[in-house]
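Please open the structure in a viewer and keep the selection tool at hand.

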Amino acid sequence: MCGRMLSTPPEHQMLACQRCASVVGVVPMPPARRPPTPCTKCNHRKFVRCIPREHSGGRPESPGQISAPMYATMKPRMRHANGAQWAMPLEIEAAGIGLIEMYICQRCGFIEWYCHDVERIPTHPAMMTELVDYDAGATPYR
């Protein structure tokens, strides 16, 4: 992007230096989560895989647009001092948990969403997450 020499394996994978990748919200692509099966809507076998990104306005100290990969939730950064506690601004790449990826069918446009590191996603109201267990208390069919 900026013309700098790429020096690390992640930079080579992203085709961007770390600074440029951070500015446009690019991270190295993790291994694919979707099984190699046809589209559930039209049976086509070609997909576009993408990591969706969030875009928002910058903070007062760094105006402009901020882009970052989309995550299922964010772990808040907390500051503690003099017996008080308060939330700090999020650095999405550092605070994000559960990287989201999409597969878009090239024929019909159907989208499937998958999440990485599901086991690491904490459940807590402050993170707007909860565990839903449809098997809890289930009785066998007769």
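Begin with the whole chain, a predicted model, in cartoon view. Read along the sequence, the elements follow the pattern α-α-β-β-β-β-β-β-α-β-β, that is, three helices and eight strands. Of the 142 residues, 25% count as buried. Among contacts between residues at least 6 apart in sequence, 46% join residues at least 24 apart.

Next, select strand β7, residues 96–105. Nine of its ten residues are buried, so that β7 is mostly covered.

- Strand β1, residues 47–50, runs antiparallel to β7 and is joined to it by four bridges. Select Val48 to find its bridge partner in β7, Ile104.
- Strand β4, residues 71–74, is likewise antiparallel to β7, with three bridges between them. Here Thr73 stands opposite Ile97 of β7.
- Strand β8 pairs with β7 through five bridges, again antiparallel. Ile104 stands opposite Ile111 in β8.

Follow the chain from β7 into β8. The hairpin has five residues between the strands, and Gly109 takes a positive phi near 85 degrees.

How many aromatic pairs does a search of the whole structure find? The search finds one. The rings of Tyr103 and Tyr114 have centres 5.7 Å apart and planes at 90 degrees; because planes over 60 degrees apart count as edge-to-face, the pair is of that kind. Tyr103 lies in β7 and Tyr114 in β8 (residues 111–115), so the pair ties together parts that are eleven residues apart in sequence.

Now select Arg34 and Phe47. The charged end of Arg34 sits over the ring of Phe47, 4.0 Å from its centre.

Cys42 is partly exposed, with a relative accessible area of 21%. Cys50 is also partly exposed, at 24%.

How values were computed
Residues numbered from 1 in each chain as written. Predicted model: local features only at pLDDT ≥ 70, side-chain atom pairs only at ≥ 80, totals over all residues. Heavy atoms only, no water. Helix = DSSP H or I, 4+ residues; strand = E, 2+ residues; numbered from the N terminus. Buried < 20%, exposed > 50% of the residue type's maximum accessible area, 1.4 Å probe, protein only. Contact = heavy atoms within 4.5 Å. Phe/Tyr/Trp six-rings, centres within 6.5 Å; stacked < 30°, edge-to-face > 60°. Lys NZ or Arg CZ within 6 Å of the ring centre and 35° of its normal. Pairing = 2+ DSSP bridges.
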